[in-house]
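I opened this notebook to record what I looked up, one topic at a time. The entries follow the order in which I made them.

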Amino acid sequence: MIEARHLRVLRAVATTGSFSAAGRELGCTQPAVSQQMKALEASVGTPLLVRTGREMRLTQAGEALVRHASGILAGLTAAEEEVAAIAGLRAGRVRLVSFPSGSSTLVPTALAALRAAHPGTRVFLEEAEPPKSVELLREGDCDLALAFRYEGAALAEEWDDLVVRPLLMDRLVALVPERHPLASGESVAIGELAREPWIAGCPRCRGQLVEVCESAGFTPRIDFATDDYPAVVGLVGAGLGVAVLPQLAVESVRPRGVRTVALEPVVRRQIVALTLPDLAQVPAVAATLEQLARAAGRA
């Protein structure tokens with residue numbers, strides 16, 4: 001019989017590449033990891049790892065078991081949480097991963113409402129941009145992922161295997177220094193910014209910026225690139241260039257020395273909450289999804 005604890009150890013070994021690194025990740029010793037791997041191989045009746053010198057690789061059976069491990073562990077978590085709720089424990093744990101501007105706008109409102117309604121539910125928050133956040137969800141390292149994708153993007157991410165809860169459509173706006181000639185207008189065509197130096201945001205937003213600019217007939221000259229939205233705003237405010245950011249990102253900072261101007265043509269990103277089908281049935285996860293949707297309705 002395959003035990004869940006052995007699957008967790010196997011997944012850690014496959015991810016880290018060694019028993020000692022897996023032990024550090026799991027909070028146990030290298031001999032303990034080795035013993036559990038031997039027990040798992042005895043259970044399945046075939047080797048799962050091949051050790052050659054300092055290197056370690058999975059056998060075909062090991063690869064198959066790791067491939068199924070995330071779904072199995074997610075299903076077990078769903079079962080444990082649902083049974084606990086049915087038994088009247090009135091408690092739950094949710095591991096939430098969010099991109100930064102979502103963490104500072106939607107998440108606080110949602111979690112405050114969740115705590116008021118379900119004080120026994122604990123939420124652990126980690127920040128990551130998609131597609132990394134979606135990878136964490138699929139690998140079983142979180143229960144909910146707040147993510148986004150751009151309308152009409154050339155490489156739109158597929159979420160067919162996930163439960164998708166649409167939250168809101170987030171429009172991109174142009175940021176220009178407050179003394180810029182275009183600062184007084186209500187809107188700006190992106191082609192009007194073709195000769196400006198640019199400050200670019202996160203890697204995904206940066207790729208979208210280049211794609212939109214090229215569709216308008218020019219390639220942006222990116223002088224600065226940073227994942228930090230306040231830094232983007234600060235650089236624009238200092239007169240070092242212009243930028244395009246999602247409205248949600250602008251709301252997450254206090255713009256000083258800049259003006260936001262509606263961007264034409266309209267570019268939007270879809271903000272969603274993602275989870276696995278099994279986890280969507282867990283009461284604590286479902287309640288968090290509901291509060292995120294309510295917070296987005298007030299955004």
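**Entry 1: His-6.** I began with the contacts of His-6, leaving aside its neighbours within four places in sequence, and found Gln-36, Ala-39 and Leu-40. I note that the model is a predicted one. I then looked up where His-6 lies, and the element is helix H1. Is His-6 buried or exposed? The relative accessible area of His-6 is 4%, and I count a residue as buried under 20%, so His-6 is buried.

**Entry 2: H2 and H3.** I next turned to the pair formed by H2 and helix H3, the latter spanning residues 30-44. Their axes come within 8 Å and cross at roughly 105 degrees. Angles of 65 to 115 degrees count as roughly perpendicular, and H2 and H3 are therefore roughly perpendicular to each other. On the H2 side I listed Phe-19, Ser-20, Ala-22 and Gly-23, which meet Gln-30, Val-33, Ser-34 and Met-37 of H3. By class, the residues of this contact are four nonpolar and four polar, with no charged residue.

**Entry 3: the largest pocket.** H4 supplies the largest share, eight residues. I sorted the lining by class into twelve charged, nine nonpolar and four polar residues.

Technical notes:
Residues are numbered from 1 along each chain as its sequence is written. This is a predicted model: local features need pLDDT of at least 70, side-chain atom pairs count only at pLDDT 80 or more; totals for chains, interfaces and linings use all residues. Side-chain values use heavy atoms; hydrogens and water are left out. Helices (H or I, at least four residues) and strands (E, at least two) are DSSP runs, numbered from the N terminus. Ala, Val, Leu, Ile, Met, Phe, Trp, Tyr, Cys and Pro count as nonpolar, Asp, Glu, Lys and Arg as charged, and the others, Gly among them, as polar. Axes are lines fitted to C-alpha atoms, for helices over the stretch in contact, and angles run from 0 to 180 degrees between N-to-C directions. Angles under 35 degrees count as roughly parallel, over 145 as roughly antiparallel, 65 to 115 as roughly perpendicular and the rest as oblique. Contact means heavy atoms within 4.5 Å. Buried means under 20% relative accessible area, exposed over 50%, partly exposed in between (1.4 Å probe, protein chains only).
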